[in-house]
Amino acid sequence: MSVDSPRPDGGSNREIDRKILEIFRSRDEGVVSGEELSRSLGVSRTAVWKHIKALKDLGYRIEAVPSRGYSLVSTPDILTPAELSSGLHVTRIGTSLVCTGEVESTNVLAYRLAEEGAAEGTVVIADAQTRGKGRLGRQWESPAGVNLYCSIILRPPIMPLHAPQLTFLSAVAVAEAIERTASLTPAIKWPNDVLVNGLKVAGMLNEMSAETERVEFLILGIGVNINMKQDQFPSDLRHPASSLAIEAGREVQRLPFARALLESLDSHYVRYLARGYDPLRQAWLARSAVMGRRVRVSSQDGEITGTVEGIDEIGALLIKDTDGLTQRILAGDVTIEE
Ligand code: BT5
């Protein structure tokens, strides 16, 4: 696993931080001597001390245990490559992690890295976004320290026509991560808003660079409201929104959530590459908030009202309209009517 990004405090040598944390966690009592750290890592005692200090600055509580060494007392809920990759079981998505403090938009950064040749599965995560992007030029409110903002670089060997299939990957993985870490019941609204108790807790923005016959890369942008408070939401919400913490009635740790998300993304993507779209489509349908429901869809072509019959082989929404005809919707905003 490569862990290769500048860390939020501007330092480098993250690999050593990661190893230090790994050594602490491999101990039952959690106490490790400075000498042992220095020997295992092949660096001087002074270097060990500097790394311990840097970890403390990031919020790790590391205490000196007289005449025995150091003890890791607690871990902050910060999204760093060292923490994310600790105990992470992935083979593609999340094998390279880029974590930064504040960025304009993780999608913009991921797009640039992809143009520069970043590998498939590279994940860009930011603590805050100054100009988080929603769909169609809208803004995504992205305050610091509370939520997850991430973008995944994929290079699937598929035609651009089939790229919308992968938009479902994010929604299914977010829904699974919510089930696993927040004990809530999520539902997916087409194409890929994730709702809890009918309120939007996550949004996705996918972007693509392609030639006629070939996808060069896809960027899956995922924003999840994890611990955002009521007064942090914009007042002009398009869809009633909430956060996992508000719905669960307790704080939700970002780290385990992000790990669960990456593992779900990875396993569904690996399966997609091996077995195609159908398992993903089934997983999406199993969590759909719109199947069989009466909905109104507004798009560039106007509005259609009807009952949702399913999604087709490229991800278009199928609606039986009021005249009994099946309409195929490729893009639009869905409102559930009843
Ligand atoms: C979306 O757009 O739902 C896509 C959001 C994607 C955000 C992620 S964060 C990581 C990655 N990097 C980016 O720059 N973007 C992606 P849309 O369906 O157009 O919804 C946008 C609308 O939702 C806004 O116009 C607001 O009304 C509302 N909104 C803004 N911030 C929100 C938030 N944090 N939670 C819920 N609703 C929000």
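Helices (H or I, at least four residues) and strands (E, at least two) are DSSP runs, numbered from the N terminus. The model is predicted, so that local features need pLDDT of at least 70 and side-chain atom pairs count only at pLDDT 80 or more, whereas totals for chains, interfaces and linings use all residues. Residues are numbered from 1 along each chain as its sequence is written, and side-chain values use heavy atoms, with hydrogens and water left out.

The ligand is surrounded by 29 residues, of which S105, K133, R138, K200 and N225 are the closest; a residue counts as near if one of its heavy atoms lies within 4 Å of the molecule. β10 gives the most to this shell, with 4 residues. By class, the shell holds 10 nonpolar, 12 polar and 7 charged residues, where Ala, Val, Leu, Ile, Met, Phe, Trp, Tyr, Cys and Pro count as nonpolar, Asp, Glu, Lys and Arg as charged, and the others, Gly among them, as polar.

Polar contacts are pairs of N or O atoms within 3.5 Å. The side chain of S105 has an N or O atom 2.7 Å from an oxygen atom of the ligand. For nitrogen atoms of the ligand, the distance to an N or O atom is 3.5 Å in the side chain of N107 and 2.8 Å in that of N225. Taken alone, the ligand exposes 790 Å², and the protein buries 96% of this area, as computed by the Shrake-Rupley method with a 1.4 Å probe. Two or more residues of the shell come from each of α5 (106-115), β7 (148-154), β10 (199-210) and β11 (215-224).

Elements that give two or more residues to the lining include β8 (186-189), β9 (193-196) and β16 (333-336). The lining divides into 17 nonpolar, 15 polar and 12 charged residues.

The second largest pocket holds about 750 Å³ of space. Of its 30 lining residues, R135, P191, L330, A331 and G332 are the closest to its centre. α6 (167-182), β10, β11 and β12 each give two or more residues to this lining, and β10 gives the most, with 5. The lining comprises 17 nonpolar, 10 polar and 3 charged residues.

P191 lies in the loop between β8 and β9 and is joined to W190 by a cis peptide bond, with omega about 0°. In the loop between β3 (61-65) and β4 (69-74), S67 has a positive phi, near 55°, in a residue other than glycine.

How values were computed
Polar contact = N/O pair within 3.5 Å; in protein donor to acceptor, adjacent residues only side chain to side chain. 1 Å grid on protein atoms, 1.4 Å probe; cavity = no way out; pocket = protein on both sides within 12 Å on 5 of 7 lines; lining within 4 Å. Points joined across faces, edges and corners; volume = space filled by probe spheres on them.
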